[in-house]
Amino acid sequence: MVKINENYLKLPGSYLFSTIAKKVNAYIEANPDKKVIRLGIGDVTQPLAPAIIEALHGAVDEMGSAESFHGYAPDLGYAFLRETIANEDYISRGCQIGADEIFVSDGAKSDCGNIQEIFDENCTIAVCDPVYPVYVDSNVMAGRTGVYDEVTGKWSNVIYMPCTAENQFVPELPERTPDLIYLCVPNNPTGTTLTRDQLKVWVDYANKNGAVILYDAAYEAYIAEEDVPHTIYEIEGAKTCAIEFRSFSKNAGFTGVRLGFTVIPKELVRGGTSLHALWARRHGTKFNGAPYIIQKAGMAVYSEEGKAQLKEQVAYYMRNANVIYNGLKEAGCEVYGGVNAPYIWLKVPGGMTSWEFFDLLLEEASVVGTPGSGFGPSGEGYFRLTAFGTYENTVEAIERLKKMPSLRK
Ligand code: MLT
């Protein structure tokens with residue numbers, strides 16, 4: 001008799017964004033005449049930049065002739081892309097990361113979800129609360145999180161580090177020492193950041209306690225302020241305690257194209273074993289390499305034209321962030337994020353719960369957002385809006401929101 005992995009049965013409900021999609025579909029069915037504006041999931045809306053389209057076309061043509069055809073990609077990535085990433089994202093910022101410390105993949109979500117496999121099932125994880133659900137859910141699947149308490153919304157073996165307005169969204173060092181510490185900077189969902197000094201506290205703590213920081217830097221392209229690090233390797237000591245995840249989804253619109261990478265420095269050793277070697281073994285066994293066509297598109301992200309075009313794309317989304325941030329302020333809301341990140345985090349007005357506000361926003365304004373409680377217990381009473389919509393829809397959504405009868409009371 002086959003036995004299933006019962007850890008999957010412990011997962012509460014469906015994945016956050018699947019639940020939202022179901023609710024929105026039901027609303028659309030019941031209200032076919034309403035124009036719904038989606039500012040929920042952080043999916044991009046702008047087309048791929050011309051430099052990327054040109055690279056894709058060129059690579060497709062190469063695949064059409066025997067001389068330039070490419071089969072399986074090297075499992076860790078093509079050297080051309082790994083070298084470019086090392087130079088452009090790290091060496092140019094003074095971080096000594098080598099091309100052979102970069103693992104090209106099909107995106108940061110898979111890597112963030114899979115990385116826990118190389119650690120023991122008894123490792124304790126610490127997460128910011130609220131948090132991107134993938135970090136916790138992938139550890140639930142691995143049987144690492146203990147028992148779920150429906151009342152508190154917490155897992156017994158997870159260390160939660162509340163990030164709320166009360167502590168300026170800066171996680172405090174936990175009382176119990178974790179083995180794995182997930183940090184996302186700029187943060188999804190709150191849109192807030194850590195300064196270099198604040199991140200240094202975590203790097204020192206991890207090194208002192210033999211912990212590993214799993215650092216999600218998917219939103220790095222949106223950093224506007226000087227004292228926010230673009231990579232954790234800007235912090236002295238990070239190479240002996242941190243793994244960094246990066247994505248092409250948010251800086252270059254690859255959500256439907258799929259490309260990302262993970263950095264594991266060779267100095268990162270735990271229990272006498274190189275984590276770089278373990279991940280290389282895992283990647284080689286379970287992954288056949290991101291497609292040649294897509295890695296060529298990734299190269300275009302670093303070309304001079306690509307960089308200029310993507311800078312404009314990021315500015316486009318940040319203009320939306322500004323519209324949302326200022327619009328909500330004008331409406332009298334308490335608002336966070338939106339300065340170094342494409343997410344705006346607002347305090348739900350009138351003492352409603354996050355899901356009550358979700359329903360109200362959909363009902364009164366036909367606007368979709370993401371309830372803060374979907375990201376963890378400390379997200380209750382907050383709500384996330386994304387700046388990844390079109391400019392026109394964003395402006396309209398905020399106009400509708402400002403007119404909501406329940407907000408104007
Ligand atoms: C989000 O909305 O939180 C993100 O789009 C999710 C993701 O990047 O997977």
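Is glutamate 117 buried, partly exposed or exposed? Glutamate 117 is partly exposed, because its relative accessible area is 36%; here buried means under 20% relative accessible area, exposed means over 50%, and partly exposed lies in between (1.4 Å probe, protein chains only).

Before continuing, please note that this is a predicted model, in which local features need pLDDT of at least 70, side-chain atom pairs count only at pLDDT 80 or more, and totals for chains, interfaces and linings use all residues. Residues are numbered from 1 along each chain as its sequence is written, and side-chain values use heavy atoms, with hydrogens and water left out.

A salt bridge is defined as a side-chain nitrogen of Lys or Arg within 4 Å of a carboxyl oxygen of Asp or Glu. Side chains of opposite charge can pair when their charged atoms come close. Helices (H or I, at least four residues) and strands (E, at least two) are DSSP runs, numbered from the N terminus. Arginine 282 counts as buried, because its relative accessibility is 14%.

Select arginine 246 next, together with aspartate 89. Their salt bridge has its closest N and O atoms 3.4 Å apart. Arginine 246 belongs to strand E9 (residues 242-247) and aspartate 89 to helix H3 (residues 79-90), so that 157 residues separate them. Arginine 246 is buried at a relative accessible area of 4%, and aspartate 89 is also counted as buried, at 11% relative accessibility.

Glutamate 220 lies in the loop between strand E8 (212-216) and E9, 26 residues from arginine 246. Glutamate 220 counts as buried, with 11% relative accessibility. To complete the selection, include Arg93 and Glu244: salt bridges with shared partners join Asp89, Arg93, Glu220, Glu244 and Arg246 into one network. Across the whole structure, a search finds 17 salt bridges.

Which residues surround the ligand? They are Phe17, Ile41, Gly42, Lys109, Tyr132, Asn188, Tyr219, Lys250, Tyr343 and Arg384, each with a heavy atom within 4 Å of the ligand. This shell divides into five nonpolar, two polar and three charged residues. In this classification, Ala, Val, Leu, Ile, Met, Phe, Trp, Tyr, Cys and Pro count as nonpolar, Asp, Glu, Lys and Arg as charged, and the others, Gly among them, as polar.

Display the ligand's oxygen atoms. An oxygen atom of the ligand is 2.5 Å from an N or O atom in the side chain of tyrosine 132. For the side chain of arginine 384, the distance from a ligand oxygen atom to an N or O atom is 2.7 Å, and for that of lysine 250 it is 2.9 Å. Taken alone, the ligand exposes 270 Å², of which the protein buries 85%; these areas come from the Shrake-Rupley method with a 1.4 Å probe.

Colour domain 1 (7-47 + 307-407) and domain 2 (52-304) separately. The ligand lies between them, because both domains give residues to its shell. The domain bounds come from an automatic or database domain assignment.

**Fourth selection: backbone features**

Most residues other than glycine have a negative phi, and most peptide bonds are trans. Select aspartate 129 and proline 130, which are joined by a cis peptide bond with omega about 10°. Proline 130 is located in the loop between E3 and helix H5 (133-141). A cis peptide bond also joins asparagine 188 and proline 189, with omega about 20°.

Finally, select phenylalanine 169, in the loop between strand E6 (158-162) and E7. Phenylalanine 169 is not a glycine, yet its phi is positive, at about 65°. Phenylalanine 169 counts as buried, because its relative accessibility is 5%.

Methods
Polar contact = N/O pair within 3.5 Å; in protein donor to acceptor, adjacent residues only side chain to side chain.
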